[in-house]
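I opened the model and kept notes as I went. The entries run from the whole chain down to single side-chain pairs.

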Amino acid sequence: MRRTAATAVAIAATAATVAALGGAATASAAPAAGRTPTCDVSGLRASLSDKGGHQHGMSHEGTVLVLTNTSGRTCALRGYPGLQLEDTQHKAVGTSTSWGSTYFVPDPGKSTLLLQPGGSAEAALAWAHADAPRMVKAGYLRITPPASRGHLTIPFEKTVTNGDLSVTAFTGSITVS
């Protein structure tokens with residue numbers, strides 16, 4: 001009986017938080033997330049945003065990766081995206097992705113986010129563009145959401161040193177200064 005009451009309180013608190021934030025992605029209690037389906041690529045849109053901030057310096061560049069729930073239902077997202085650079089012909093090129101803090105933004109760590117319809121989750125994405133023996137010229141970025149087998153592809157016309165990308169875990173909002 002006591003466990004049921006605690007679960008109900010956690011679910012009510014999560015619902016109140018989601019309502020207060022106007023449907024934005026929010027960290028959730030595990031019981032609610034366990035019943036919420038994982039976000040599927042068919043119900044997500046990927047985009048990049050500078051959020052009006054500055055993420056350039058010392059041969060490094062960064063942006064904010066945004067996944068928006070375009071489905072008509074709430075879905076759960078937890079963790080880090082898989083990333084793959086593609087050339088202008090959509091052919092995969094050598095890519096290495098590091099999960100954790102980027103040059104510009106500390107890693108918020110994994111948390112379960114509930115994305116209401118229209119809600120978004122953000123991750124900081126960074127790379128270097130300094131001279132190196134292997135400079136990868138990308139045309140597109142392939143994004144595999146956490147716990148997904150499918151991917152989304154967006155334009156990404158960047159030169160990336162050695163094909164090395166750094167990305168944080170998804171969170172409700174990244175602060176860019």
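**Overall contacts.** I began with contacts, meaning heavy atoms within 4.5 Å. Among contacts in the protein chain with a separation of 6 or more, 78% join residues 24 or more positions apart.

**Ground rules.** This is a predicted model, where local features need pLDDT of at least 70 and side-chain atom pairs count only at pLDDT 80 or more, while totals for chains, interfaces and linings use all residues. Residues are numbered from 1 along each chain as its sequence is written, and side-chain values use heavy atoms, with hydrogens and water left out.

**Secondary structure.** I looked up 2 helices and 14 strands in the protein chain. Both are DSSP runs numbered from the N terminus: helices are H or I with at least four residues, strands E with at least two.

**Surface.** The protein chain exposes about 8,900 Å², and carbon and sulfur atoms supply 52% of that. The areas are Shrake-Rupley values with a 1.4 Å probe; for residues, only the protein chains shown count as cover. Of the 177 residues, 41% are buried. Buried is under 20% relative accessible area, exposed is over 50%, and partly exposed lies in between (1.4 Å probe, protein chains only).

**Disulfide.** Which cysteines pair up? I found C39 and C75, with sulfur atoms 2.1 Å apart. The cut-off for a disulfide is a pair of cysteine sulfur atoms within 2.5 Å. C39 sits in the loop between α2 (30-35) and β2 (44-49), and C75 in strand β5 (residues 75-78), 36 residues apart. The S-S torsion of C39 and C75 is about 85°, so I noted the disulfide as right-handed. C39 is buried at 2% relative accessible area. C75 is buried too, at 2%.

**Salt bridges.** I noted 2 salt bridges. The test is a side-chain nitrogen of Lys or Arg within 4 Å of a carboxyl oxygen of Asp or Glu.

- E61 and K158 meet at 2.9 Å, N to O. E61 lies in strand β4 (residues 60-69), K158 in the loop between β12 (152-155) and β13 (159-161), 97 residues apart. E61 is buried at 13%, whereas K158 is partly exposed at 28%.
- R142 and E86 meet at 2.8 Å, N to O. R142 belongs to strand β11 (residues 140-144) and E86 to strand β6 (residues 82-86), 56 residues apart. R142 is partly exposed at 21%, whereas E86 is buried at 3%.

**Last check.** I ended on G172, in the segment after β14 (164-167). G172 is partly exposed, at 27% relative accessibility. From G172 to E122 is 6.1 Å, C-alpha to C-alpha, across 50 residues of sequence.
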